Amino acid sequence: MIINGEKVNRRTVLKLLGGSALIAILPIALSDITKGRCYKKPLRPPGVLNDDEFLSNCIRCGACIKVCPTNGLRPATMEYGIKNLGTPVLEGYCKIYCLACIDYCPVEALKKVEVEEIKLGNAYIDQLKCILCMRCYNECPFKAVKKDEKGYLFIDNEICKGCNLCRVICPVDAITIEPCD
Amino acid sequence: MVNKRRRKDKKLRYLSYVSRFIVLFLFVFLINGSLSGFKLGGFSIITPPEGFMYIVSNPEYSIFKIILYMAPWIIGTILLGRVFCGYICPVGLIIDIGVSIRDRITGRKLISRRKLTINGNYIIYVGGIIFLIIISMNVFLHSQFLNWTVSPFADFIKVLYSFPYLSIELIFLILILALSIIYPRLWCRAFCPAGFVFTILSILNKKKLLSFVIDEKLCTECGICGLVCPVGVCPLDQSPACVYCLECCDRCPVNAIKLKFIGPSEIVTSEKKARKIPVIE
């Protein structure tokens, strides 16, 4: 066999193939190690319908991170696990209707969706932490934050789209967002 | 006559720096996306390693479409050789700048060590193995999670956007730079999977548009061109691993080497080829 104008033994080629096959078993061991650990679940930009499908489609080019007008997207670090490394994660807030990240995705990892269908996650208010400053109540673009009869705030998750705005502006970190698949 | 040609080669070397700076500027400030994947006027362009990885980890997606996305780089490489590595890749730029700073500080121009290249095709060995490992991992896990090792082109953007935090990409880039200061462009010739793919692609075409011509009357067979080459090949080889950095043209003591744009490559006699590598310890 001749590679690059010079002779390569059949033995070295076999060694090469055997070695790479050996190391190919490594991911199975690696996935076993990472399975037991509990990593943060990432909040994805709009257009992600299925997280596993998104992981196999995303080429980690960073286009969505760059175009986001609110600078809300960040590349995932190790706190989200090895599998998510470099994928977009919503850490600021999302405007929901702009969909720039979907337009600029080169490989259609972010699928085209209607604005009404977008649902990034469910939001919950921790009543023990809430100081009733009413910021989320005033700022929510979808009016999903409501008052119950005693005057406490709660979030109607049928209206909420999980845009992360309330979590970003909350002064006491009372709001958590659980990403949905 | 001799001086004129030397000036022309110098100009080409500056062109390689300028074009890489322009590419870096464009991708940091203007174009939405990074070199590994971006959309221009509704048409998306991705680099070959990402494309192959995408095909492997996601067989349902139309393969034809992905090949269409990779087409600009593939066609360019088949026609011109590894011009991508020498004139576009910003990782090569930081490596070259690091090496030139090192040369300024130490006051000498270190020659790359011929010993490190096994038969001049080291790139096939290590780069190929890394690429195969990464691709096979993605088959098992249905995720392209090792993509950040395949393409450091996207790392610049990821480092910028995760700035306050220490990202793995930044560590990776610093490692490449540190490695290249000891051995210039060892990353490009031995480890870069993109470089591996580009080398394989440029093997496909023997008569490239760019080729080196050696003036046999002037050549003294001193072998400096082979020693000085950052990717560890010799211009006599017309090797597919050549990145057209023109270090050999610049450093040839008798100006016997020049770059020819269109035309057949000059055939070198066998006795000359045998003497091309002097042994230096």
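Visitor: Which residue stands opposite B:F43 in β3(B)?
Guide: That is B:L40. The model is predicted: local features need pLDDT of at least 70, side-chain atom pairs count only at pLDDT 80 or more, and totals for chains, interfaces and linings use all residues, while side-chain values use heavy atoms, without hydrogens and water. Residues are numbered from 1 along each chain as its sequence is written, and chains are lettered from A in the order in which they are written.

Visitor: How many bridges join β2 of chain B to β3(B)?
Guide: There are 4, and the two strands run antiparallel. Strands are DSSP runs of E, at least two residues, numbered from the N terminus, and two of them pair if DSSP finds at least two bridges between them.

Visitor: What is the strand order in that open sheet of chain B?
Guide: The order is β1-β2-β3, with antiparallel pairing. β1 (33-34) and β3 (43-46) are at the edges with a single partner strand each, so one side of each has no neighbour in the sheet.

Visitor: New topic. How many disulfides over all chains?
Guide: The count is 0, a disulfide being a pair of cysteine sulfur atoms within 2.5 Å. For A:C68, the nearest cysteine sulfur belongs to A:C98, 6.4 Å away.

Visitor: Is A:C68 buried or exposed?
Guide: A:C68 counts as buried, at 13% relative accessibility. Buried means under 20% relative accessible area, exposed over 50%, partly exposed in between (1.4 Å probe, protein chains only).
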